[in-house]
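The entries follow in the order I made them.

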Amino acid sequence: LNLEPVAAIDRLLYLACTGAYRPEQHGIGMDCYDEESAEVTASLISTHAISTLRACLPSETASRMVLHALAPPPPEEADAMGAPLEEPHVSRMVSTLVNNLRFLQSQQKYFHDLKEDSKEWETVDMELMSVHQATIFAAGSAGTLGVFLTNGEGDAIREMLLRLVPPPSHSMTSEANDTHDSSESDSTSSNLIDFILQHVATYDPLVGNGSLSSPSATFHASCSYVTVTLLRLLSEWVEGMPKAAAEVLSSPSSVCLGVLLRSNPKVNEGQASQSSGAQVIPALSGLLLGLCLEYILNDTMDSNMSDGSAMDRASWTSETIMNLIQSMGVGKFLNLIDTWRKRPLPLPFCSGGMTSEMERRAFANWYGNNVNLIRRRMVIALAETGDEDESDSDGDGKGDAAENKSSRSLRKMLASQAKEIEELHEKVEEALRTISIK
């Protein structure tokens, strides 16, 4: 019996990142989606632990823990219980995320090449167990890092996390690396945002609609869940921080966001629970691009960017983002991201609306506020586009001038009303949350 004292924060972070997952063999099939399976149990444990952490983690503690990842305390110091300090918590979370993403990428070619009539099916159950574990660990660690971003002290914690470099690649399991080709993310990624985008770029929305018993379909469903958590993490990162938005847009891998936004995942009958992750990816991609559009237009962007030429080499600009949104239709874009305002974010291996009620409310509040922010930005951007078009027109009569002036005034009024409506909407939601708590 181990009687060593364990800090509550250590146990909570362990449950959040791993769900206390213990792999079990199912045989080929989709048994991992059974409500009593180890995968569903671990996913729910992880989500409840994340929601508990979100409610209990003070901003000062979150900031200090991230600071320790950049500048660990001297090794001779001890924690409150007298035990020697171990590797900083945030460093362990980053390592868990990075290593499991690398493992999932190393498995892509193997599962993609499996055929439905392959005789290898009888030998892939152990591989799927490893994939399930990597999915839960990656999703849990990404969700936990998101708590530090949202609970920390403003831009300072986002800036500190931006300075963390992904740990160098190492052998995950010698057997897996000997058996399968590796397609790991570039170990030279300058920061964690670039590394995450490299992984998101490997997700293919056009595959994975095979039979329910197909290992490749199971693997693709796992990849979709991980992609969902990564897109949410990036959105939480860029929120209120132009420098993080610039890092997203300057990564060559960010081109994939446009592809994912325009994708239309097909869901076979009976496969909805396994594909719910794929269904939310276009909306979260649009949310991320919309937030980047909002914050790269912030007046303080230039003073917050680490490299003045970052946007010069960017894959996206405010103009290209608006062109993409207008090409698919502004109304269609807003309807797409608005769809998930009242829907729970899907969890790995959990069908339907299985989730933590606390986490569902937290996501709905965070997501809804950002959708309102993007709606207001769309109104302002369209008004500014209209003004530019009018300034280039050839009309020089008094009637044209009066019409242009009236049009500009109307657009300014619409932008002002959009802001007022957003503020009223936030007050109503705050009142509803207060009533529900009482």
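Is alanine 138 buried or exposed? I noted first that this is a predicted model. Alanine 138 comes out at 1% relative accessibility, so I logged this residue as buried; the cut-off for buried is under 20%.

**Entry: alanine 138**

I placed alanine 138 in helix H6. Next I looked for partners, leaving aside neighbours within four places in sequence. Alanine 138 touches Leu97, Asn100, Leu101 and Val226. I also checked a C-alpha pair. Threonine 96 is 42 residues away from alanine 138 along the chain, yet their C-alpha atoms are separated by 6.8 Å.

**Entry: H6 against H10**

Val226 pointed me to the next pair, as it belongs to the H10 side of the contact with H6. H6 covers residues 125–151 and H10 covers residues 215–238. I read an angle of about 10 degrees for their packing, and their axes lie 9 Å apart. The two helices are therefore roughly parallel to each other; angles under 35 degrees count as such.

I then listed who meets whom. On H6, I found Leu128, Val131, His132, Thr135, Ala138, Ala139, Ala142, Leu145, Gly146, Leu149 and Thr150. On H10, the partners are Pro215, Thr218, Phe219, Ser222, Val226, Thr229, Leu230, Leu233, Glu236 and Trp237. I sorted this contact by class: 13 residues are nonpolar, seven are polar and one is charged.

**Entry: H4 against H9**

How far apart are the axes of H4 and H9? I got 11 Å, with an angle of about 25 degrees. H4 spans residues 89–106 and H9 spans residues 192–200. This pair is therefore roughly parallel too. I logged the crossing of H4 and H9 as left-handed.

H4 brings Val94, Leu97, Val98, Leu101, Arg102, Leu104 and Gln105 to the contact. H9 brings Leu192, Phe195, Ile196 and His199. By class, I wrote down eight nonpolar, two polar and one charged residues for H4 with H9. Leu97 and Leu101 were already in my notes, as contacts of alanine 138.

**Entry: serine 318**

Last, I turned to serine 318, which lies in helix H15, residues 318–328. Its relative accessibility is 16%, so serine 318 counts as buried. Which side chain does the side chain of serine 318 reach in a polar contact? I found glutamate 319, through its side chain, at 3.2 Å. Beyond four places in sequence, serine 318 is in contact with Leu293, Ile296 and Leu297.

Conventions
Residues numbered from 1 in each chain as written. Predicted model: local features only at pLDDT ≥ 70, side-chain atom pairs only at ≥ 80, totals over all residues. Heavy atoms only, no water. Axes fitted to C-alpha atoms, helices over the stretch in contact; angles between N-to-C directions. Helix = DSSP H or I, 4+ residues; strand = E, 2+ residues; numbered from the N terminus. Parallel < 35°, antiparallel > 145°, perpendicular 65-115°, else oblique. Contact = heavy atoms within 4.5 Å. Nonpolar A, V, L, I, M, F, W, Y, C, P; charged D, E, K, R; others polar. Buried < 20%, exposed > 50% of the residue type's maximum accessible area, 1.4 Å probe, protein only. Polar contact = N/O pair within 3.5 Å; in protein donor to acceptor, adjacent residues only side chain to side chain. Left-handed = near helix turned anticlockwise from the far one by under 90°.
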